[in-house]
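Reader: I'm new to this structure and would like a close look at a single part of it. Could you pick up the strands and walk me through what surrounds them?

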Amino acid sequence: MSNNFTEIMNSALFVKAYGFNNKGLCFVEDESDIPFWDLLINRNLSYKFDIRPASSTQNPHARGKVALSEKIPYLSKDQIIAIDSDYDYIFNTPNRQKFNNKYIIQTFFYSRESILYRSERLDSIISQVKYNIIKEFNLINFINLFSIKCYEALIFISYLADRSLIDYSELKDSINNVLNLSYKKNIFDDEMNINHDYFNKIDENLKIKMEEYDIDTSSNSFKNFELNKSSLGLTKANAYQYIDGHLLEDYLNCFFKSAVDYLKKIESLRISNESQGVKSDNRRKHIKDQIDKMEKHFDNRCNYLTLIYNLLGENFSESCYHKIIEKIMVLEDNI
């Protein structure tokens, strides 16, 4: 009964009848992925697909790659999948071949966050986070420094997995442990300067990991491994886009939060200094009202999470979308 039900739910006739609009279905990992894939796929496939989260036949509330995997045997020109690559594109994980399918569109970086949190996009966004005082934040410099650390961790730990010294199931946790976030409050000082001791802590974490294994990083084997990953697109400049997307999000949200806190602090000081001419009886209320107004501006009109996840002005011609769109256009030829 269960197999018959699954086959019916995934049949071409059911898919076509699903929305009574003659559209196919594109399944994604969960509801939060819908806006990203809806804009990206339908702007290139002329609105031929409804975007829906996949659910397991065993548990209608289940989400993620397990639920999507159930769909793979039934994929067709009318039923496709859009998915985060995680490490399955760049490294030889057990899932790599499973998701290498003409009806599966993937991010080619770790996740959609890896694309939305790209350096030049964030640099443009942080320039919009302001009130009265103009302050330049060297976000790109921070990302460049962080990306080098990501590259070193990614290459070394994935090489361990490639040589079967660790299991691929350990890859994510091992890399995340090196890029530990527990010290993130110390990334910046009170003036928003980068605390380079923080990056030294990442170096220490990686050194501890390296000392567990006898690996010659100057060997031909290691160098060839690096070249192979380079051919797939992994470089020191973009390695931050290949780490866990939620970890990347946490790091860069920490930067934005620190920047907003800094701006609130200097704007409050400005308001206080500029209110010296207000009559003493009204000064305290005046300052409070002006500071409340300023903080609401940052919390509402300059909410950085809203700015980052607002896709209406997104430039889908950026290079990070090229592989995705190429895959979509191949799919277009088969529809």
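**A walk around the sheet and the helices**

Author: Let's start with the overall inventory: the protein has 14 helices and four strands. Keep in mind that this is a predicted model. It has 335 residues, and 47% of them count as buried. The accessible surface is about 17,300 Å², with 48% of that belonging to carbon and sulfur atoms. If you look at contacts with a separation of 6 or more, 74% of them involve residues 24 or more positions apart.

Now for the strands. Four of them form an open sheet, in the order E2-E1-E3-E4, and the pairing is parallel. At the edges you'll find strand E2 (49-53) and strand E4 (104-106), each of which pairs on one side only. Neighbouring strands in this sheet are turned by 25° against each other on average, ignoring direction.

Let's zoom in on strand E1, residues 24-28, which pairs with E2 in the parallel sense over five bridges. Two spots are handy for finding your way: Leu25 sits opposite Asp50 in E2, and Cys26 sits opposite Ile51 in E2. What about the side chains? In a regular strand they alternate between the two faces of the sheet. Here, Gly24, Cys26 and Val28 point one way from E1, while Leu25 and Phe27 point the other way, and all are buried. Since five of the five residues of E1 are buried, E1 is largely enclosed by the rest of the structure.

Two packed helices are described by the angle between their axes and the distance between the axes. For helix H7 (residues 139-162) and helix H9 (residues 196-211), the angle is about 5° and the axes are 11 Å apart. H7 and H9 are therefore roughly parallel to each other. On the H7 side of the contact, the residues include Phe142, Phe146, Phe156 and Leu160; on the H9 side, they include Phe199, Ile202, Leu206 and Met210. Charged residues take part as well, among them Lys149 and Glu152 in H7 and Asp203 and Lys209 in H9. Taken together, the residues of this contact divide into 11 nonpolar, one polar and four charged.

H7 and H9 turn up again around helix H8 (residues 171-178). The buried residues of H8 are Leu171, Ser174, Ile175, Asn176 and Val178, and what covers them includes H7, H9 and helix H11 (245-274).

One of those residues deserves a stop of its own. Asn176 in H8 has a relative accessible area of 16%, so Asn176 counts as buried, the cut-off being under 20%. Leaving out residues up to four places away in sequence, Asn176 touches Asp244 and Leu247. There is also Ile243, which is 67 residues from Asn176 along the chain, yet their C-alpha atoms are separated by 8.1 Å.

How values were computed
Residues numbered from 1 in each chain as written. Predicted model: local features only at pLDDT ≥ 70, side-chain atom pairs only at ≥ 80, totals over all residues. Heavy atoms only, no water. Axes fitted to C-alpha atoms, helices over the stretch in contact; angles between N-to-C directions. Parallel < 35°, antiparallel > 145°, perpendicular 65-115°, else oblique. Contact = heavy atoms within 4.5 Å. Nonpolar A, V, L, I, M, F, W, Y, C, P; charged D, E, K, R; others polar. Buried < 20%, exposed > 50% of the residue type's maximum accessible area, 1.4 Å probe, protein only. Areas by Shrake-Rupley, 256 points an atom, 1.4 Å probe, with all protein chains shown as cover. Pairing = 2+ DSSP bridges.
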